[in-house]
Amino acid sequence: MASMEPSSIANESLLQSNELYKYILETTVFPTEPAPLKELRDVTTSNNNNHPLDNVSTTCPLGGQYIGMLLKLVNAKMVIEIGVSTGYLTLLTALSIPKDGEILAISPYPKSYELGLPIIKKAGLEHKINFIDSEALPILDQFAKDKLNLGSFDFAIINEAQTNNYIDYYKRLVKLVKIGGLICFSNTLCEGYVTKQEQEVPENKRHFRQQCLNFTKEISQNPQVEICQLPLSNGFLVCKRLY
Ligand SMILES: C[S@@+](CC[C@H](N)C(=O)[O-])C[C@H]1O[C@@H](n2cnc3c(N)ncnc32)[C@H](O)[C@@H]1O
């Protein structure tokens with residue numbers, strides 16, 4: 001396919017077949033990827049290491065397509081995105097929610113978001129995005145203080161740089177998301193290290209791996225949510241709030 005960059009077909013998932021991953025992208029992902037999203041993906045891959053403190057990475061196009069489908073299936077209107085890079089997922093969400101939908105997009109590295117912002121503006125979707133330049137946890141605490149915000153979101157997605165414990169996000173988000181709403185966590189299989197012995201795991205991944213193990217154990221025993229974990233990218237765990 002002429003439009004495909006080599007970086008786009010790198011196997012970012014745990015699926016152990018590059019051919020199969022390429023096949024999926026070529027047959028069902030790239031042909032339907034909206035033009036502004038492709039443009040933003042290209043900008044992201046050509047600007048890696050733009051910000052010294054931020055790891056400029058983005059949701060893989062297959063994961064993005066799946067998230068877009070979920071957003072539409074639950075008719076998401078109010079969305080929280082934790083961990084914004086150049087805005088690929090933010091733009092994808094803006095394309096998937098209705099005209100009066102809103103995204104609370106939180107990240108402490110606005111420089112990365114500024115890379116994608118011109119494309120978001122060109123697509124006429126900036127009005128749907130409330131970008132907050134901050135660490136996410138204090139913002140969620142602030143939001144939860146206003147009773148009007150409790151149960152007011154349809155969908156939340158966490159894809160930050162593996163710094164905070166997912167349980168801390170879950171505890172806050174389960175109050176902000178309505179009953180029936182979804183909370184989605186990326187990287188829950190920690191690049192596959194969840195099944196390795198600690199000594200086989202690079203030191204810089206050990207802490208996050210342990211957090212993933214603790215989170216998965218806790219969430220799988222939590223009756224307030226129904227869960228489903230997929231081997232998509234580095235693991236994608238969806239929680240549906242039941243009460
Ligand atoms: C994997 S990238 C997110 C990719 C993005 N969801 C997308 O698909 O375009 C992770 C991002 O999390 C952000 N981040 C890091 N620590 C954070 C924190 N404590 N709260 C919110 N965002 C954070 C960084 O800006 C980083 O770009």
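**Overall dimensions and the second largest pocket**

The protein chain exposes about 11,900 Å², and carbon and sulfur atoms supply 53% of this area. The structure is a predicted model. Of the 243 residues in the protein chain, 47% are buried, where buried denotes a relative accessible area under 20%.

The secondary structure of the protein chain consists of eight helices and seven strands. Along the principal axes, the C-alpha atoms occupy a box of roughly 50 × 50 × 35 Å. The radius of gyration of the protein chain is 17 Å, which agrees with the value near 18 Å that a compact globule would have with 243 residues. Among the contacts in the protein chain with a separation of 6 or more, 69% are between residues 24 or more positions apart.

Of the 15 residues lining the second largest pocket, Pro34, Gly64, Gln65, Lys72 and Leu92 are the closest to its centre. Two helices, α3 (61–73) and α4 (88–96), each supply at least two residues of this lining. The most is given by α3, with six residues. By class, the lining of the second largest pocket comprises eight nonpolar, five polar and two charged residues; Gly is counted among the polar residues in this classification.

Technical notes: Residues are numbered from 1 along each chain as its sequence is written. This is a predicted model: local features need pLDDT of at least 70, side-chain atom pairs count only at pLDDT 80 or more; totals for chains, interfaces and linings use all residues. Side-chain values use heavy atoms; hydrogens and water are left out. On a 1 Å grid over the protein atoms alone, a cavity is a set of points where a 1.4 Å probe fits but cannot get out, and a pocket is an open set with protein on both sides within 12 Å along at least five of seven lines; lining residues have an atom within 4 Å of a point. Helices (H or I, at least four residues) and strands (E, at least two) are DSSP runs, numbered from the N terminus. The radius of gyration is taken over C-alpha atoms; the globule rule is 2.2 Å times the number of residues to the power 0.38. Buried means under 20% relative accessible area, exposed over 50%, partly exposed in between (1.4 Å probe, protein chains only). Contact means heavy atoms within 4.5 Å. Accessible areas come from the Shrake-Rupley method with a 1.4 Å probe; for residues, only the protein chains shown count as cover.
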